[in-house]
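This briefing concerns the structure shown below. Please keep the sequence and the coordinates at hand while reading.

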Amino acid sequence: MFQRVVWNRILTSLPRSYRLRHINKFSSDVTKDENNTSKLVNAEVSSTDDFESTCNTEHVSYLLEESTTFKDAKDKSWATTPFPKDVSTKQMGDRPSVNPEDTSVIMFPGQGTIKVGMVNNYMKFPAAKELFEIANEVLNYDLLDICLNGPQEKLDRTEFNQAATVVLSLAALEKLREERPIAFENCMATLGYSVGEITSLILSGVISFEDGIRLVCVRGKAMQYASERVPQGMLSVNCTPSAKIVNSCQEAEKWAMEMGVDNPVCRVAIYLCTQRKILAGNIEALQYIESNKKEMGLTDVTRLPVSGAFHTPLMEPCLKSVFKILSTIELDEPRCQVYSNYKTTPYNNLRLVKKYILKQIVSPVKWEQCLQKVYEREPGKAFPMTYDVGSGGRMKTILRMVNAKAWQSCIVI
């Protein structure tokens, strides 16, 4: 049975300063090594808008710099995880005698799934409320109020949406823990879509809840800023058998360059399934794709309601700030397998976690390939139970397009 993320009732009755100092007795001091920042990332220092959408670049840079240091946090050693401290790490292959049908896989969504009021589905669970209380302390603004009351335009902003997506997913996880505790006890693998990978790392105990919120706070603000540097976006496309997606992207980049764009980008940002891809890049390149979709063998071309070309080189301005916050975060061994969007395989070395988190920001999300790896098995072998946590069913829909048999054992939480 898994502990609640914080001590129920006791902590909420204590003074704020006391709770910040003692929020988890199992935590230890995190490392503060930031000496190798310039060696790993040569991207310029990134920044983002403040919470009122101020567009002054110098002011925005200052705010992001403040975020990466988190000077207001009185205790940077907070640590919360759904797993008790003494739970041993287990990998898929460590329990060959367990019936696959008795194991579980937990999936988490990425940015763009959460709607105003959606969090109400989980607020009856005390630990879910505590998650938002802790998040509010870390973020220094009322995330729960934004999730409950919006407006949706504010919630949709990357700087808010990433933190909201992670906390809401973990709140939904509390519903799963209350209603189906066996799913926790038999969880052998977890994977998260884009920012959902950080949710998976929190679930597995690799990153504490508080450090995860610090990370998505900086990640979201940095990606918001990068999105506003040049006009950019994302495009969902369906590929017919005649489509040559790489050639189409190269043509779009050439067109954008002729239109005066310096170093234009048009890439596959997300591999959803065999037919469906998400392209991302400069607006000029995406407009070329839209205008020539028929000749390129593309159908159902839809512009996504985001301003950023996420998971492409246009996000490079994020890297230095995200690296800086990562250098303050301490990692622990995973309690279950966590699949990397970047490599499509489970993390088997803690030294790779921070590297792959950075790589994921500027590299394609290989979601289809991750799902194929998770559910790869011999013919006739049973599939695990899968739980789509916090997406409202979107991750289950994608699973159906990749593996219909695994989809049949998927439950939406």
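The points that follow are grouped by topic. The model is predicted. Its largest pocket has a volume of about 730 Å³, and the structure holds six aromatic pairs.

**The largest pocket**

- The volume of the largest pocket is about 730 Å³.
- At least two lining residues come from each of α7 (158-179), α10 (209-227), β3 (232-239), β5 (276-282) and α17 (394-402).
- Helix α17 gives the most to this lining, namely five residues.
- By class, 15 of the lining residues are nonpolar, 10 are polar and five are charged.

**N282 in strand β5**

- N282 is found in strand β5, one of the elements that each supply at least two residues of the lining of the largest pocket.
- The relative accessibility of N282 is 4%, so N282 counts as buried, the cut-off being under 20%.
- Apart from neighbours within four places in sequence, N282 is in contact with V230, P231, Q232, V261, N263, P264, V265 and L314.

**E333 and its loop**

- E333 is found in the loop that runs between α14 (319-326) and β7 (337-338).
- With a relative accessible area of 44%, E333 is partly exposed, because this value falls between the limits of 20% for buried and 50% for exposed.
- E333 and S204 are 129 residues apart along the chain, and their C-alpha atoms are separated by 8.3 Å.

**Helix α15**

- Helix α15 spans residues 353-362 and is mostly covered, with seven of its 10 residues buried.
- These buried residues are V353, Y356, I357, L358, Q360, I361 and V362.
- Y356, a buried residue of α15, also belongs to an aromatic cluster with Y342 and Y347.

**Aromatic rings and charges**

- Among the six aromatic pairs of the structure is the one formed by Y375 and F383, which is tilted, at 6.3 Å centre to centre and with 40 degrees between the planes.
- Both Y375 and F383 are buried.
- F383 also has R377 over its face, at 4.8 Å from the ring centre.
- In a further arrangement of a charge and a ring, the charged end of R400 sits over the ring of W407, at 4.1 Å from its centre.

Conventions: Residues numbered from 1 in each chain as written. Predicted model: local features only at pLDDT ≥ 70, side-chain atom pairs only at ≥ 80, totals over all residues. Heavy atoms only, no water. Helix = DSSP H or I, 4+ residues; strand = E, 2+ residues; numbered from the N terminus. Buried < 20%, exposed > 50% of the residue type's maximum accessible area, 1.4 Å probe, protein only. 1 Å grid on protein atoms, 1.4 Å probe; cavity = no way out; pocket = protein on both sides within 12 Å on 5 of 7 lines; lining within 4 Å. Points joined across faces, edges and corners; volume = space filled by probe spheres on them. Nonpolar A, V, L, I, M, F, W, Y, C, P; charged D, E, K, R; others polar. Contact = heavy atoms within 4.5 Å. Phe/Tyr/Trp six-rings, centres within 6.5 Å; stacked < 30°, edge-to-face > 60°. Lys NZ or Arg CZ within 6 Å of the ring centre and 35° of its normal.
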